Amino acid sequence: CGIFGVIGVSSAANFTALGLHALQHRGQEAGGIVVHDPEQGFNSVRRFGYVRDTFTSQDVMDMLPGTLGIGHVRYSTAGSKGATAIRDVQPFFGEFAMGGAAIAHNGNITNAEALRRELIERGSIFQSSSDSECIIHLMARSLQRNIPERMKDALRRVEGAFSVVAMTRTKLIGVRDPLGVRPLVLGRVGDGWALASETCALDIIGAEFLREVEPGEMVVITEDKVTSHRPFEAKRPRFCIFEHVYFSRPDSILGGQSVYATREAIGRELAKESPVEADLVCPVPDSGTPAAIGYGLESGIPYAMGIIRNQYMGRTFIEPTESIRNMGVRLKLNVNRALIRGKRVILVDDSVVRGTTSRKIKEMILDAGAKEVHFRIASPPTAWPCFYGVDTPQREKLLAATMSEEEMRDHLGVDSLKFISLDGLYRAVGEAKGRDPKAPQYCDACFSGEYPVEPSDQLENGFQL
Ligand code: 5GP
Ligand code: SF4
Ligand code: MG
């Protein structure tokens with residue numbers, strides 16, 4: 001998901017809509033904005049669909065007056081049961097002592113089910129099935145005398161990955177969990193301040209990127225100043241390495257590094273680790289593009305656009321009929337036949353999850369007359385589900401959970417298939433010595449199976465480590 005917040009600007013809702021539009025790649029299902037205005041109090045609008053369709057009309061924006069606001073773009077992750085209901089769309093707002101608060105969250109709370117059970121037993125009335133609502137109820141029950149202190153109480157009971165933006169009637173609050181699994185950045189916009197999942201959302205509103213909110217840090221922002229708090233016991237950070245590979249936008253800056261440059265470096269590492277003779281290097285657009293450019297530069301094999309993406313097809317496209325659904329990737333991707341015919345092609349993609357995309361693409365490429373197809377993947381085999389806010393299917397559905405690399409190659413029916421090594425990936429993100437096996441510098445659980453926070457709800461539901 002994507003989160004955004006702003007304080008001290010002329011129209012918080014307009015800035016938030018822009019910020020969310022820049023974060024749309026982090027969630028396309030639904031979006032929501034909550035604002036506060038001294039006369040009109042809290043107001044919120046939550047809608048299904050793209051920000052550009054839902055938060056552009058004058059009547060919607062007129063419902064959202066105020067100079068302080070937060071917003072969220074949603075994509076539901078593993079564990080969510082069925083389709084999203086509008087009541088599950090964030091931000092959540094709750095009125096309790098001291099005026100109440102609104103909150104939006106990116107990540108996944110790994111003990112949410114246990115917390116919810118406990119809260120319901122003690123009388124809390126839940127309005128949604130979302131994890132994040134637990135935080136509001138925990139805040140409402142805290143005995144602390146101001147909202148930031150109540151939030152600290154609440155977040156100390158929460159486990160998992162959480163980057164949070166929240167607001168009271170006068171303050172904007174940002175928090176990252178102790179490991180800093182998900183991103184959150186702070187920017188200056190005119191005389192105000194902004195919080196966002198990624199720097200690309202600061203760029204769009206003309207804000208200056210000041211710094212990241214640090215792992216385990218809470219920033220409390222009023223119109224005049226930012227104060228920093230440390231509510232948790234200090235831990236060694238474990239940022240999500242997959243943000244570098246896939247999730248973040250290539251024009252964002254993560255951990256002081258350009259995501260684009262990191263992805264290009266991943267491609268270079270791949271070319272060094274797994275070279276192959278070929279005529280063309282082609283990305284699977286768009287997620288494989290920077291890595292394919294890196295592979296091309298390192299190997300000297302020409303980079304070309306062998307697959308063209310239809311820009312009008314989003315990820316949440318709802319296929320209207322069975323026959324169209326069966327066309328699968330064809331709706332989104334098409335082979336550039338004239339270029340591919342008779343060539344030995346290296347295809348670079350960010351990840352193989354179920355293997356459906358790769359299999360279909362291989363068929364299309366061979367169909368177009370390619371002589372050989374070689375897959376190069378910008379992440380190690382995804383063998384474990386993510387429980388920290390990135391959508392992955394159950395373990396049984398992950399190709400790499402049940403097959404060796406050679407079996408996967410066979411299953412996909414390609415001439416060769418190579419994944420970047422975990423150490424190669426660490427080198428590409430800037431760890432010259434690779435992964436420190438005793439104290440890994442990042443979260444890489446979906447590749448290694450080493451979960452930095454115990455997925456306690458999942459274990460209770462029968463998941464086996
Ligand atoms: P597959 O077809 O192997 O199940 O999915 C892999 C493709 O899905 C990749 O090309 C990747 O760009 C795309 N994808 C979309 N959302 C996600 C996600 O949340 N995680 C991963 N690993 N890949 C995703
Ligand atoms: Fe990121 Fe993978 Fe860790 Fe999930 S399990 S937070 S996708 S590195
Ligand atoms: Mg892709």
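This is a predicted model: local features need pLDDT of at least 70, side-chain atom pairs count only at pLDDT 80 or more; totals for chains, interfaces and linings use all residues.

Colleague: Fine. Is strand S10 mostly covered or mostly open?

Modeller: Strand S10, which runs over residues 192-196, is mostly covered, with 5 of its 5 residues buried.

Colleague: And which way do the residues of S10 point?

Modeller: Gly192, Ala194 and Ala196 point one way from S10, while Trp193 and Leu195 point the other way, and all of them are buried. In a regular strand, side chains alternate between the two faces of the sheet.

Colleague: Which strands pair with S10, and in what sense?

Modeller: Strand S1, residues 2-7, pairs with S10 in the antiparallel sense over 4 bridges, and strand S9, residues 185-189, also pairs with S10 in the antiparallel sense, over 5 bridges.

Colleague: Can you give me residue partners? Which residue of S10 is the bridge partner of phenylalanine 4, and which stands opposite glycine 187?

Modeller: Phenylalanine 4 has alanine 196 as its bridge partner in S10, and glycine 187 stands opposite alanine 194. Both alanines point one way from the strand, together with Gly192.

Colleague: What about the hairpin of S9 and S10: how many residues lie between the strands?

Modeller: That hairpin has 2 residues between the strands, and glycine 190 takes a positive phi near 60° there.

Colleague: Switching to ligand 1, how many residues surround it, and which are the closest?

Modeller: Ligand 1 is surrounded by 17 residues, of which the closest are Ser287, Ser351, Val353, Arg354 and Thr357. By class, the shell holds 5 nonpolar, 8 polar and 4 charged residues.

Colleague: Which helix gives the most to that shell?

Modeller: Helix H13, residues 356-367, gives the most to the shell around ligand 1, with 3 residues.

Colleague: Last topic, then: what are the domains, and what separates their centres?

Modeller: The domain assignment of the chain gives domain 1 as 2-237 and domain 2 as 259-312 + 327-431. Taken over C-alpha atoms, the centres of domain 1 and domain 2 are separated by 35 Å, and the contact takes 11 residues from domain 1 and 9 residues from domain 2.

Colleague: Which strands supply the side of domain 1 that touches domain 2?

Modeller: Strand S6 (101-109) and strand S7 (160-167) each supply at least two residues of that side, and S6 gives the most to it, with 3 residues. The residues of that side of domain 1 divide into 4 nonpolar, 6 polar and 1 charged.

Key
Residues are numbered from 1 along each chain as its sequence is written. Chains are lettered from A and ligands numbered from 1 in the order in which they are written. A residue is buried if 20 or more other C-beta atoms lie within 10 Å of its own, exposed if 12 or fewer, and partly exposed in between; C-beta atoms are placed from the backbone. Two strands pair if DSSP finds at least two bridges between them. A residue is near a molecule or strand if its C-beta atom, placed from the backbone, lies within 6 Å of it. Ala, Val, Leu, Ile, Met, Phe, Trp, Tyr, Cys and Pro count as nonpolar, Asp, Glu, Lys and Arg as charged, and the others, Gly among them, as polar. Domain bounds come from an automatic or database domain assignment. Two residues are in contact if their C-beta atoms, placed from the backbone, lie within 7 Å.
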